[in-house]
Amino acid sequence: MRFSINIPNFGDFADVRTVARIASAAEDAGWDALFVWDHVVHDKIERKIFGDPWMLLTGAALATTRIKLGTLVTPVPRRRPQQLARQVATLDAVSGGRVIFGAGLGGPVADEYGAFGEPTDRVVLAERLDEGLELLARFWTGDPVTHHGTHYQVDDVALLPATVQRPRPPVWIAGFWPNRRPMRRAARWDGAVPLFGNGSHGYAPSVDEVRELVGYVRQHREGDAPFEIVVGGASPAGAAGGDLLGPLRDAGATWWDERQRIDGDGVDSFDAVLRRVEQGPPVVT
């Protein structure tokens, strides 16, 4: 099992220097990755300060040499695929091939899409997600792309340079379990990042939920390429964390994503996150 730190892109973490400090501390403490949220307003009524996730992650890349970096998750349907492909490829170059790309529909849909005049129909957004993902994978090869789809048009364009990672960075797909469609989508890529209900961010799933999800994804996988199951929550450091994570690992989870609880006051607090980062990842034996 591998271990990541998860932070939002608002509050204390809207500042690139703060994210770079967390990334450096995480690398020193033995964590394997740092993931940043990708929101523009989240809940617009709250009027929070936000940073661009790709600029934040660039700061993290320049402050580290080993840990993986990425978003959990980027809402592909509200971005232009060509611009997103360029941002990811640039970060992959800056980091020396350390990007993991997390993707999904994102939300809240009313505030993150509707407030900007974007479509809010989830069927349309799912179509744009699938079409956008296929385009990203093609753009990252550096080969010329021609595409005439339902939502996107491309006429003989090669985006260079290609990503450092070949044929592309790993793609992990998020979605709410037990919704089946997002996990069928995930099965076509490299990993699944399930959430287990609204308000669950920061709370570990049950072993039975993870086991059921893993079984479902395996039914829909083709081939035997490595595949990641990413679950998360708030865990104690050391062996006590291992007591929580061991059964989840045995049920099929391959990554633990350390998260502050969404209903607490530490989710966007530098001090709270840094304390947990410096304690190091759980010890799972």
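Exposed means over 50% relative accessible area, buried under 20%, and partly exposed in between (1.4 Å probe, protein chains only). Helices (H or I, at least four residues) and strands (E, at least two) are DSSP runs, numbered from the N terminus. The model is predicted: local features need pLDDT of at least 70, side-chain atom pairs count only at pLDDT 80 or more, and totals for chains, interfaces and linings use all residues. Residues are numbered from 1 along each chain as its sequence is written, and side-chain values use heavy atoms, with hydrogens and water left out.

An α-helix has 3.6 residues a turn, so residues three or four places apart point the same way. Contact here means heavy atoms within 4.5 Å.

Helix 2 (residues 53–62) is mostly covered, with seven of its 10 residues buried. They are P53, W54, L56, L57, G59, A60 and A61. Among the partners of these buried residues are helix 1 (16–29), strand 2 (33–36) and helix 3 (81–95). At the start of helix 2, a side-chain oxygen of D52 comes to within 3.0 Å of the backbone nitrogen of W54.

Next comes the largest pocket. It holds about 970 Å³ of space. A pocket is found on a 1 Å grid over the protein atoms alone, as an open set of points where a 1.4 Å probe fits, with protein on both sides within 12 Å along at least five of seven lines; lining residues have an atom within 4 Å of a point. Here 34 residues form the lining, and V73, G106, G107, F176 and L195 lie nearest the centre. Helix 5 gives the largest share of that lining, four residues.

Helix 5 is also the place of R128. R128 counts as buried because its relative accessibility is 14%. R128 touches V76, P77, E118, P119, H151 and Y152, not counting residues up to four places away in sequence. R128 and P77 are 51 residues apart in sequence, yet 5.1 Å apart in space, C-alpha to C-alpha.

How values were computed: A polar contact is a pair of N or O atoms within 3.5 Å; within protein, one must be able to donate a hydrogen and the other to accept it, and residues adjacent in sequence count only if both atoms are side-chain atoms. Grid points are joined across faces, edges and corners, and a volume is the space filled by probe spheres set on the points.
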